[in-house]
Amino acid sequence: KHFQNPYISIAYRILHFKHNYLYDKIDDKQLILGEPTKVKIDELDYKLMEILSKDGRMSLQDISKKLEITSNLVAYRIKNLIKGKVIIGFRAKINVKPLGYDHYKVLLTLQDFNKQNQNKLLTYLKSKKRVIYITKSMGQNDLEFEIIVKKATELHEFMRELSCKFPSILVNYETILYYVQPILKYLPKQL
């Protein structure tokens with residue numbers, strides 16, 4: 001109703017990196033969202049994850065009061081959710097605007113995106129400390145990534161370099177500036 005051409009993208013694998021542009025050294029650890037695993041959870045696990053998705057720093061005591069169970073049971077359930085890779089991390093969401101940065105999403109249209117070219121492009125993007133997400137998706141574009149820059153000219157230079165490095169596979173790209181930091185909630189509304 002409000003958008004002329006809505007863009008729909010289904011992410012099936014997300015690589016989430018630390019905000020390395022804030023540090024002197026690069027930490028190449030990543031969270032991988034979308035890894036196929038099957039774990040049974042019950043209603044209590046779901047309620048626990050719902051609470052944690054809203055406030056991952058809430059104390060065990062406060063969670064136990066909300067769920068009307070013991071703190072030991074909360075700790076046990078969290079430990080099992082982590083062990084089963086249902087919970088894969090707890091992270092602070094950084095608002096980059098007050099730090100003088102802009103947050104962009106870049107949508108790539110690619111050709112000849114075979115396994116070899118895909119690995120080269122992913123390795124290249126992973127090596128850039130300003131890239132904080134890489135998303136493999138189904139939709140209009142073949143690959144998406146998010147980047148943090150100080151100025152739009154920095155993004156332009158990055159994209160020029162990317163285009164020169166991968167001229168045979170990069171057909172087109174689109175950039176989207178986030179005016180407000182998106183808050184992502186990965187927990188589905190219902191089981």
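## Strand S5 and its partners

Tyr104 has Ile147 in S5 as its bridge partner. The model is predicted: local features need pLDDT of at least 70 and side-chain atom pairs count only at pLDDT 80 or more, while totals for chains, interfaces and linings use all residues. Residues are numbered from 1 along each chain as its sequence is written, and side-chain values use heavy atoms, with hydrogens and water left out.

Strand S3 (residues 102-110) pairs with S5 in the antiparallel sense; two strands pair if DSSP finds at least two bridges between them. Strand S4 (residues 131-139) also runs antiparallel to S5, and Val131 stands opposite Ile147.

| Strand joined to S5 | Bridges |
|---|---|
| S3 (residues 102-110) | seven bridges |
| S4 (residues 131-139) | five bridges |

S5 (residues 143-149) is largely enclosed by the rest of the structure, because seven of its seven residues are buried. Buried means under 20% relative accessible area, with a 1.4 Å probe and protein chains only. One side of S5 carries Leu143, Phe145, Ile147 and Val149, the other Glu144, Glu146 and Ile148, and both faces are covered.

The protein as a whole has five helices and six strands, where helices (H or I, at least four residues) and strands (E, at least two) are DSSP runs numbered from the N terminus. Their order from the N terminus is β-β-α-α-α-β-α-β-β-α-β. Of the 191 residues, 36% are buried. Among contacts (heavy atoms within 4.5 Å) with a separation of 6 or more, 70% come from residues 24 or more positions apart.

Terms used:
Buried means under 20% relative accessible area, exposed over 50%, partly exposed in between (1.4 Å probe, protein chains only).
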